Amino acid sequence: MTVALAHEISGPRNGAADAPVVVLLGSLGSNRSMWDPQIAALSDECRVVAVDQRGHGESPSPDGPYSVRDLSEDVLALLDSLGVDAAHFVGLSMGGAIAQWLGAHAPRRVLSLSLLCTAAKFGEPQGWIERAAASRTDGPESLADAVVARWFSEGLAKRDPEFVRHYREMIASTSPEGYAACCDALADWDFTADLSRISAPTLVIAGEEDPSTPPSVMQVLADGITGARFEVLSPAAHVANLEQAGAVSALLREHIAGGGYARGRRAAHAQGMTVRRAILGDAHVDRSVAGTTDFTAPFQDFITRTAWGDIWSRPGLDHELRRLLTIAVLTAVGNEHELDMHIRAALRAGVDADTIGEVLLHTSVYAGVPNSNLGFALGKQALADLSSTETEATEENSQT
């Protein structure tokens, strides 16, 4: 069950009604104030939603353990409550794990990803199990010194101890059960095999001095996500958005502005869905959409954008000619399921049965008699089924 996340919405100060939505997801032991520099930098042109994950800040702390999926579904529920269809996600450390999960499992909700100081796998589980036990026994206060030492470089800690002390208190004030249950989530987290499922434009930012997720660990993300951009900042440890606030904000602005690519993908998907329904009919498309799973969603998005949103939408050939070409090609390769579907769709759309017969006859010369024989058999059955449906409809109308 999801929990209602505490959050803060800022901007857009330029008043743009169509301003992109940016969701900021923080690290273990933080609250949404860790994003103050980025909120200030991004809210001129964006609607910025800074989030307290469950167990953190002002959000509820139900008993654990939690999973990264639980944390991610909380974020989706928040977007639904705000009426946001899709957003740019910026995640640091644990927030980066959530962003990865969303990129693979909810691709239609993701315009872009920015992954800061995070990992596809955060070391070995035992360390997280021990940290969870310490939090439940002695509270995050017992862990705060060790954690904050990894958050900032040694140079910053020496120059500004008061700054570091502030963030130590942030860690120490986290709910003991919330902190522990999120440790449980990170103990089970290994997304290495799923990185290739992420298709959103992705920016990966590492801190050169980060002992928790060093550049070598983040290189796995950059290599595993197709087309990802990789940047390393120095000096910066684990919470690079604070130590390199200006550089991180500039990189985020640039990456989010490039989200036109992602918006173009969404426009192609919408166009493709319109054409797909026109060609195959609402009933068939509704069944396909209803049968979509997290595993098949990327493929469904791919064919909707490319086959229907691009090829079938080109102006060079009209839809009837494309239908006939498709029937010919499917006959040639012997694809029975797709051939049956396209013959029936063409007949329902009013394509003349004799024209389809001529296409099948022509294909038999160049692609072989057995395949065209199959096509004729499928067409014969489709015509019989269509005739039966029309007869039943006529009889039903005569009785009313």
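Trainee: Which domains does the assignment give for the protein chain?
Mentor: Domain 1 covers 7–264 and domain 2 covers 317–399; the bounds come from an automatic or database domain assignment. Keep in mind that this is a predicted model, where local features need pLDDT of at least 70, side-chain atom pairs count only at pLDDT 80 or more, and totals for chains, interfaces and linings use all residues. Residues are numbered from 1 along each chain as its sequence is written, and side-chain values use heavy atoms, with hydrogens and water left out.

Trainee: How far apart do the C-alpha centres of the two domains lie?
Mentor: 53 Å.

Trainee: Switching to salt bridges, how many does a search of the whole structure find?
Mentor: It finds 23, counting a side-chain nitrogen of Lys or Arg within 4 Å of a carboxyl oxygen of Asp or Glu. Take E58 and R32, whose closest N and O atoms are 3.1 Å apart. E58 is in the loop between β3 (47–51) and α2 (68–82), and R32 is in the loop between β2 (21–25) and α1 (36–42), so the pair ties together parts that are 26 residues apart in sequence. Those helices (H or I, at least four residues) and strands (E, at least two) are DSSP runs, numbered from the N terminus.

Trainee: And is E58 buried or exposed?
Mentor: E58 is exposed at 63% relative accessible area, whereas R32 is buried at 15%. Buried means under 20% relative accessible area, exposed over 50%, and partly exposed in between, using a 1.4 Å probe and protein chains only.

Trainee: What about R305 and D301, how do they meet?
Mentor: Through a salt bridge of 2.9 Å, N to O. They are four residues apart in helix α14 (residues 297–308), so about one helical turn separates them. R305 is buried at 14%, and D301 is buried at 12%.

Trainee: Which residues do salt bridges with shared partners join into one network?
Mentor: E8, R32, D52 and E58.

Trainee: OK, aromatics. How many pairs does the search find?
Mentor: Eight. Rings of Phe, Tyr and Trp (its six-membered ring) pair if their centres lie within 6.5 Å; planes under 30 degrees apart count as stacked, over 60 as edge-to-face and the rest as tilted. For F122 and W128 the centres are 6.3 Å apart and the planes at 85 degrees, so that pair is edge-to-face. Both F122 and W128 are buried.

Trainee: Which residues form the aromatic cluster?
Mentor: W151, F152, F163 and Y167.

Trainee: What volume does the largest cavity have?
Mentor: About 70 Å³. Its lining includes R108, H269 and D301, and α14 gives the largest share, four residues.

Definitions and conventions: 1 Å grid on protein atoms, 1.4 Å probe; cavity = no way out; pocket = protein on both sides within 12 Å on 5 of 7 lines; lining within 4 Å. Points joined across faces, edges and corners; volume = space filled by probe spheres on them.
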